[in-house]
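Dear colleague,

I am passing on to you the structure that we spoke about, together with some notes on it. Please look through the sequence and the model first, and then read on.

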Amino acid sequence: MAKSLLERAYDPEAFRELGKSLVDTLAGHLHAAQNGRGKVLDYRDATDELAFWKSFPEKNSSFAAWTEEVLRHTTQVHHPRYMGHQVAPPLPLASLAALLGEFLNNGMAVYEMGMAPTAMERLVTDWLCDRAGFGPDARGFLTSGGTLANLTALLAARRARGRDDVWNRGYSGRQAILVGEAAHYCIDRAARIMGMGRQGVIRVPVDAGYRMRTDELHRLYNQALADGLEPIALVGSAPSTATGSYDPIEELADFCTSRDLWLHIDGAHGGSAILSEKYRGLMRGVHRADSLVIDGHKMLGLPVLTTALLFREGSVSYTTFSQEAEYLLTETQEEDWYNLAKRTFECTKLTSAFCWHAVISQYGESVFPAYLDRQYDLAREFAGMIRQRPNWELAVSPQSNIVCFRWVPPGAGKEVCNEINARIRGEILKEGRFYIVQTQLNGLTFLRTSLMNPFTTREHLEELLETCEKYWEA
């Protein structure tokens with residue numbers, strides 16, 4: 001008797017064949033990308049891309065044909081000339097672990113719906129807390145991205161430092177956070193979601209290296225009080241997104257101690273420097289932070305999305321979202337660390353702990369600093385190359401793997417330089433051989449690379465600069 005549609009859709013043998021074919025295709029794609037073949041992306045206008053997929057023959061094409069089109073229509077992060085956004089080329093093993101999690105589909109609201117990943121998550125976050133220098137009372141959990149993690153950390157800060165019990169009584173005050181001008185926009189967004197409004201985001205100026213000016217903190221804090229605001233937290237960047245500059249965490253901690261403020265460190269991109277012997281100094285003082293965010297999908301080579309949110313005092317992670325939910329397990333006398341829906345914004349959670357635990361089990365934790373060190377080293381080498389070439393200018397000496405630079409022809413004014421660098425980036429995007437982005441710093445347009453790929457070499461960077469110069473000359 002013929003199988004029904006659902007029987008065919010769930011057929012184990014069909015799954016086996018599709019899986020083998022997919023892995024073979026991806027392995028071939030990985031080999032080609034790592035060897036620099038083809039374009040990084042074949043850029044299309046969004047309207048054209050929508051039209052293509054709208055006309056794609058969904059029922060008449062094979063899964064293999066669908067896969068090939070997906071590969072042609074997406075950005076190749078495993079390509080050594082990928083130097084764009086802050087997304088890592090995921091370790092293949094981590095991607096397989098993510099596939100396992102997606103297949104098992106154990107949404108981790110309560111322990112019995114995620115026994116293995118819940119235990120793994122505790123091990124991974126305890127390990128990160130230890131490397132951050134937090135004490136035995138520290139706790140953490142994994143969540144879906146730095147934006148959600150930063151919002152959760154600031155909600156915890158308000159619960160722990162705010163005068164009013166906003167969670168139970170509602171928001172009626174005028175609270176505020178202090179944050180550097182170079183911080184990621186998600187911090188501003190989080191404050192506004194929390195009802196603080198524009199006036200609740202107190203922007204601290206940055207110095208020439210785009211690091212927060214701690215000498216401005218006392219003035220801005222006192223001004224906030226005079227304006228009737230209640231500052232509850234200070235947010236440091238480790239590093240900032242635009243330039244990759246690390247705020248001076250030790251000095252931020254001194255100020256927070258003097259004012260009883262919550263210190264949160266947005267280390268989404270570079271907080272993993274705590275694992276590096278060579279670059280750990282960039283995170284000096286982090287052991288004094290109240291909370292810390294680290295993205296696994298940035299400088300740890302894991303697939304999106306997986307972010308660790310760590311608390312120096314683990315008890316606050318239990319009070320942030322405390323409420324009744326009758327169908328969840330009731331509180332016990334022991335620490336209820338294993339029912340994660342009580343501690344996170346999410347009620348259904350990805351089993352992203354599989355990615356972390358699989359990589360550590362297979363390669364050891366040293367694989368993470370090996371990746372970070374190489375990419376941070378490469379950025380410094382790239383900066384040296386830029387300094388040696390005429391008419392090129394660095395925005396700042398790189399502290400991480402982010403490098404901002406621009407072409408400055410002799411005698412060209414600000415607007416002309418901005419137009420030239422924007423045109424260079426536009427031509428590179430259209431050609432597709434490289435992928436870089438651009439950013440605005442003090443009204444100046446800079447080309448920006450995030451050196452995320454462990455197969456990017458000095459030769460690729462030389463070629464990039466030559467390509468940029470070619471488009472200027474054209």
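Predicted model: local features only at pLDDT ≥ 70, side-chain atom pairs only at ≥ 80, totals over all residues.

Residues are numbered from 1 along each chain as its sequence is written, and side-chain values use heavy atoms, with hydrogens and water left out.

I begin with the interior. In soluble globular proteins, nonpolar side chains tend to be buried together. Leaving aside neighbours within four places in sequence, L234 is in contact (heavy atoms within 4.5 Å) with several residues, including L178, M212, F255 and W262.

T306 counts as buried because its relative accessible area is 0%, where buried means under 20% relative accessible area, exposed over 50%, and partly exposed in between, with a 1.4 Å probe and protein chains only. The side chains of T306 and S352 are joined by a polar contact of 3.1 Å; such a contact is a pair of N or O atoms within 3.5 Å, where within protein one must be able to donate a hydrogen and the other to accept it, and residues adjacent in sequence count only if both atoms are side-chain atoms. Beyond four places in sequence, the contacts of T306 include L142, T143, H297, S352 and W356.

Two other buried residues may be worth a look. S240 lies in the loop between β4 (230–237) and α11, is buried at 2% relative accessible area, and has its side chain joined to that of T243 by a polar contact of 3.2 Å. Not counting residues up to four places away in sequence, S240 touches A182, Y210, S245 and I402. Q175 lies in strand β2, residues 175–180, and is likewise buried, with 2% relative accessibility. The C-alpha atoms of Q175 and T306 are separated by 30 Å, and the two residues are 131 residues apart along the chain.

In helix α4 (residues 63–72), the buried residues are T67, E69 and L71, and the buried residues of α4 pack against α2 (12–34) and α3 (46–54).

Turning to charged pairs, a search of the whole structure finds 30 salt bridges, each being a side-chain nitrogen of Lys or Arg within 4 Å of a carboxyl oxygen of Asp or Glu. One of them joins R284 and E250, with the closest N and O atoms 3.5 Å apart. Because R284 lies in the loop between β5 (262–266) and β6, and E250 in helix α11 (residues 249–259), the pair ties together parts that are 34 residues apart in sequence.

Another joins K430 and E427, at 3.3 Å between the closest N and O atoms; both lie in helix α15 (residues 414–431), 3 residues apart, about one turn of the helix. K430 is exposed at 56% relative accessibility, whereas E427 is partly exposed at 25%. Salt bridges that share partners also join E381, R389, R458, E462 and E469 into one network.

Finally, F15, L100, F103 and L104 form a nonpolar patch on the surface, with about 420 Å² of accessible area together. Patches are made of residues with over 30% relative accessible area and no salt bridge, with like charges joined within 9 Å and nonpolar side chains (Val, Leu, Ile, Met, Phe, Trp, Tyr) within 5 Å; accessible areas come from the Shrake-Rupley method with a 1.4 Å probe, and for residues only the protein chains shown count as cover. Helix α5 (residues 92–104) gives the most to this patch, with 3 residues.

With best regards

Definitions and conventions:
Helix = DSSP H or I, 4+ residues; strand = E, 2+ residues; numbered from the N terminus.
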